[in-house]
Amino acid sequence: MALYARVSKLFVLNVRSMFSAPPGSRLRILPSSSCFFDEAVQIKVSGLSPGKQVDLQATHQDDKGVVFKATATYTADERGEVDLNHHASSGGSYTGVEPMGLFWSLLPEAPHKKLLKRDASSPVLIHIKALSDGKVLTEETNTRSFMLDGMQRVPVKHGRLRGTLFIPPGEGPFPGIIDLYTLGGTVCEPRAALLANKGFVVFALAFYGYQDMPKTVDKIDLEYFEEGVRFLQTQPKVKKSGIGIISISKSGDLALSMASFLPNISATVCINTCSANVLFPLLYKDMIIPAFSGNHKSAKVTSSGILDIRDILNDPMKEEKTRATVIPIERASCSFLFIVSGDDRNWNSGFFAEQVCKRLKAHGKANYDLVTYPTAGHFMEVPYMPHHPSGLHAAVGQVVAFGGEPKAHAAAQVDAWKRIQNFLKSHL
């Protein structure tokens with residue numbers, strides 16, 4: 001009996017040691033806690049009790065002071081580890097095996113806000129904690145940078161031109177790219193800097209609402225963008241051959257107009273754009289392309305009370321009075337890459353991209369590629385930028401839906417980023 005008692009006591013002690021709190025937990029971000037924003041990392045937590053449930057929490061405060069958070073619940077394996085590359089989240093901001101889920105699922109505490117990063121010379125900091133019963137076990141910070149060591153970030157105030165120039169290290173010469181962002185006319189430094197990391201000189205060009213530029217406009221002058229192209233081509237490290245353009249949303253129709261009317265454009269990327277000139281008349285020398293504004297009565301309200309404006313802009317070719325707003329893309333000689341989100345609620349970008357491609361084909365051109373992501377939303381950004389499902393629309397003045405299923409949208413951003421780089425490298 002005494003022997004049995006001793007064995008039973010040892011068994012109980014061993015069981016207790018298996019499930020009691022370990023002496024020290026550790027959260028690691030691999031291969032390093034510092035990386036570029038468009039790079040994936042591996043998150044591992046070790047030193048847990050086997051079978052222990054742990055909550056992971058990611059937090060970021062953006063340049064406007066808006067706090068973004070994501071959470072996920074995991075169960076430690078038999079070694080007392082949680083590895084996001086292999087283990088599934090059972091709840092929180094996402095479920096399943098999602099190695100970068102804590103990043104793309106970040107949501108703002110204030111609804112309808114988009115993560116803002118003004119200056120790409122400083123990194124984005126994502127603080128990650130492992131918690132159990134509300135107590136922090138271990139934590140680490142992922143420093144996500146935008147610029148290679150030795151890259152130059154040059155603010156541009158040249159005549160009426162405004163923006164930021166990113167010049168990669170090395171002697172060059174490098175292909176040049178104009179980066180145009182969405183309605184509001186400001187610059188997108190993160191995308192421009194990350195592209196410059198790949199061996200391009202990138203000019204993030206503002207066209208209104210930036211620094212000392214007018215906050216609003218009633219027309220847009222294409223000669224301003226022509227000046228931007230010339231300025232870029234005069235930079236010492238830029239190749240003298242044709243340049244590229246990357247654009248999204250409203251800036252996409254500006255990119256189509258640049259490709260159609262300006263010389264020295266070799267490659268144009270349009271993300272979720274329109275085939276017509278939207279919102280503002282476009283002036284170029286003695287030519288005016290009128291504005292396509294659509295029918296605001298076609299807006300709907302979603303079950304959650306958010307405005308859905310997808311159908312405001314109908315077919316610009318349908319009526320004679322709007323045909324003049326369609327950009328004569330057949331004039332362009334460059335190559336095009338159209339990135340389309342199937343669940344774009346800002347407008348029917350798939351229809352407009354197909355319309356542009358049909359127009360090119362009808363004129364004997366095959367200088368285009370079209371890639372569609374069926375369940376992605378309007379704001380297709382760089383990889384691991386949080387999904388932006390709804391927000392205040394500058395033209396509408398109300399909160400609208402932008403669409404997209406978060407997981408699928410995140411995967412689309414990763415895939416599109418690779419395609420964009422390959423396209424620009426091939427044609428520049």
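**Aromatic pairs and a helix contact**

Y208 is buried, with a relative accessible area of 6% (buried means under 20%, exposed over 50% and partly exposed in between, with a 1.4 Å probe and protein chains only). The model is predicted, so local features need pLDDT of at least 70 and side-chain atom pairs count only at pLDDT 80 or more, while totals for chains, interfaces and linings use all residues. Residues are numbered from 1 along each chain as its sequence is written, and side-chain values use heavy atoms, leaving out hydrogens and water.

The whole structure holds 12 aromatic pairs (rings of Phe, Tyr and Trp, the last by its six-membered ring, with centres within 6.5 Å; planes under 30 degrees apart are stacked, over 60 edge-to-face and the rest tilted). Among them, Y94 and W104 form a tilted pair, 5.8 Å centre to centre with 45° between the planes. Y94 lies in the loop between β6 (82-83) and α2 (101-104) and W104 in helix α2, so this pair ties together parts 10 residues apart in sequence (helices are DSSP runs of H or I, at least four residues, and strands runs of E, at least two, numbered from the N terminus). Y94 is buried at 3%, and W104 is buried at 6%.

The rings of F207 and Y208 have centres 5.8 Å apart and planes at 65°, so they pair edge-to-face. F207 is also buried, at 9% relative accessibility. Ring pairs link F207, Y208, Y224, F225 and F280 into a cluster.

Turning to helix packing, F225 is one of the α4 residues, with L222 and V229, that meet L254, S257, M258 and F261 in α5 (contact means heavy atoms within 4.5 Å).
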